[in-house]
Amino acid sequence: MQLDKQLAAWKESIVRAGTLTEEDLLELELHVRDTVHELTEQGLTQEEALLVALRRIGDPSVLAVEYQKVNPGLAWARRWYWMAAGFLGFSVALQGIQTLGTLTASLFYPKGWSFVVLTMSLLSYAVLAFGIVRSAKVPGGRVARAVQRVAIWIERHPFATGALGFTTLIGLRALTTLAMSRIVDEIGRVFLPLWSLNALVALLVPIVLFLLGRYVNPDENERIESAG
Amino acid sequence: LVIGKDLVAASATPLILSVLLAGESYGYEIIRQVRTLSRDRLDWSEGMIYPALRRLEQRGLLKSRWVESGEGPRRKYYAITKQGKAALQGEKDAWLTVNSTLQALWGTPIHATR
């Protein structure tokens, strides 16, 4: 039903503040439904009634602040949860890059170049991850919407998030170890030139990332210059 | 007539407690009753009553329960506690003191006019 859909969007806007319990939210929703019911009986269409009802109930952000005073622990619990989830996500991403890199490198075994391939692929996967993070910041973009959906899922499924995160982490770790065991004896035979090349690449990483950052997000005055 | 935000907030506690003195009720009904009694002049941002109710409950002045009803939707009912009644007496004394002081200053009892 249309009403349920619009109510869900409104609820989402309040839930994001994270200061209401499920019960608080249900109580508010029932109030809105009561108002809509009463107003439609007075002759308003359901859409009009919902508009009035939401206006009467007040600004979600103001409400969220009021509820924060009643549920002071809730906002902190949420903050800690997101910190933990963020740490887990970061670990998975980092491990993922390492796994992809070592897997790619192990494909080139035993041609004698896997260490270079490892460095190069680690670099390119890192750049790829960097690109994904950048495009997630474009509001309304496809990536941003996907990230938002994931965020809502994480918010609603703390246990599944933890279990999935740790399982993925362990799985990726095992894969990396497996891939590494294939190329590690080759790394032992690597010559000095390869090490030098490696050092050069390591030196180039921050520079490339810096330049890429400038390119993706130029300074304010640069943007004005190019516009003029 | 516009009643300022601070006064609306300050009067919420005695109003809620007084409405509940007549029997248990739920947020929507409390608001409707206050609005009718004030002839629409006390206009609450309706959502605000719920955190206010929660605060009063945390202070032990109210207790609440969910009531499942056969035909209508379920609702959270609030009832005043013994402690709440004592607190209301205190509020009453305070408001009457403010009221009588103002009336003494203004000479005659003033009834709200439009």
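Read along its sequence, chain A of this predicted model follows the pattern α-α-α-α-α-α-α-α-α-α. In total, the chain has ten helices and zero strands. Chain B brings in some β structure: its pattern is α-α-α-β-β-α, which comes to four helices and two strands.

## The two chains side by side

Here are the overall values for each chain, ready for a quick look.

| Chain | Residues | Buried share | Contact share | Accessible surface | Carbon and sulfur share |
|---|---|---|---|---|---|
| A | 228 residues | 30% | 70% | about 14,500 Å² | 69% |
| B | 114 residues | 35% | 50% | about 7,100 Å² | 57% |

The contact share deserves a word of explanation. For chain A, 70% of the contacts with a separation of 6 or more are accounted for by residues 24 or more positions apart. For chain B, 50% of the contacts between residues at least 6 apart in sequence join residues at least 24 apart.

Which residues have the most contacts inside the largest nonpolar core? They are A:Leu28 and A:Val32 from chain A, together with B:Ile16, B:Trp44, B:Ile49, B:Leu53 and B:Leu62 from chain B, in a core of 39 residues. Two or more residues each are given to this core by α1 (2–15), α2 (22–41), α3 (46–57) and α4 (60–70) of chain A, and by α1 (5–21), α2 (27–37), α3 (49–58) and β2 (75–80) of chain B. The largest share, six residues, comes from α1(B).

Setting aside residues up to four places away in sequence, B:Ile49 touches B:Ile16, B:Gly27, B:Ile30, B:Ile31 and B:Trp44. Two of these partners, B:Ile16 and B:Trp44, are also among the core residues with the most contacts.

How many of the ten residues of α3(B) are buried? Seven are, so the helix is mostly covered, with buried meaning under 20% relative accessible area. The buried residues are B:Ile49, B:Tyr50, B:Pro51, B:Ala52, B:Leu53, B:Arg54 and B:Leu56. Their cover comes from both chains: it includes α2 and α4 of chain A, along with α1, α2, β1 (62–67) and β2 of chain B. Just after this helix, B:Gly60 takes a positive phi of about 85°.

One of the covering elements, α2(B), can be described in more detail. Two packed helices are described by the angle between their axes and the distance between the axes. For α2(B) and α3(B), the axes come within 10 Å and cross at roughly 110°. That angle falls in the range from 65 to 115 degrees, and the two helices are therefore roughly perpendicular to each other. On the α2(B) side, the contact is made by B:Gly27, B:Tyr28, B:Ile30 and B:Ile31, which meet B:Ile49, B:Tyr50 and B:Leu53 in α3(B). These residues divide into six nonpolar, one polar and no charged.

## The loop between α2 and α3 of chain B

Two residues with positive phi, neither of them a glycine, sit between these helices. B:Arg39 lies in the loop between α2 and α3 of chain B, with phi near 50°. B:Asp40 is found in that loop as well, and its phi is about 65°. Are they buried or exposed? B:Arg39 counts as exposed because its relative accessibility is 55%, against a cut-off of over 50%. B:Asp40 is exposed too, with a relative accessible area of 55%.

A:Thr35 has its place in helix α2 of chain A. With a relative accessible area of 2%, A:Thr35 is buried. Its contacts reach into both chains: leaving aside neighbours within four places in sequence, A:Thr35 is in contact with A:Ala53, A:Arg56, B:Tyr28 and B:Glu46. B:Tyr28 also takes part in the contact of α2(B) with α3(B).

A:Leu204 is found in helix α9 (residues 192–216) of chain A. Its relative accessible area is 42%, so A:Leu204 is partly exposed. Where does A:Leu123 stand relative to A:Leu204? The two are 81 residues apart in sequence and 9.7 Å apart in space, C-alpha to C-alpha.

How values were computed. Residues numbered from 1 in each chain as written. Chains lettered and ligands numbered in written order. Predicted model: local features only at pLDDT ≥ 70, side-chain atom pairs only at ≥ 80, totals over all residues. Heavy atoms only, no water. Core = buried A, V, L, I, M, F, W, Y, C linked by side-chain atoms within 4.5 Å. Buried < 20%, exposed > 50% of the residue type's maximum accessible area, 1.4 Å probe, protein only. Contact = heavy atoms within 4.5 Å. Areas by Shrake-Rupley, 256 points an atom, 1.4 Å probe, with all protein chains shown as cover. Axes fitted to C-alpha atoms, helices over the stretch in contact; angles between N-to-C directions. Parallel < 35°, antiparallel > 145°, perpendicular 65-115°, else oblique. Nonpolar A, V, L, I, M, F, W, Y, C, P; charged D, E, K, R; others polar.
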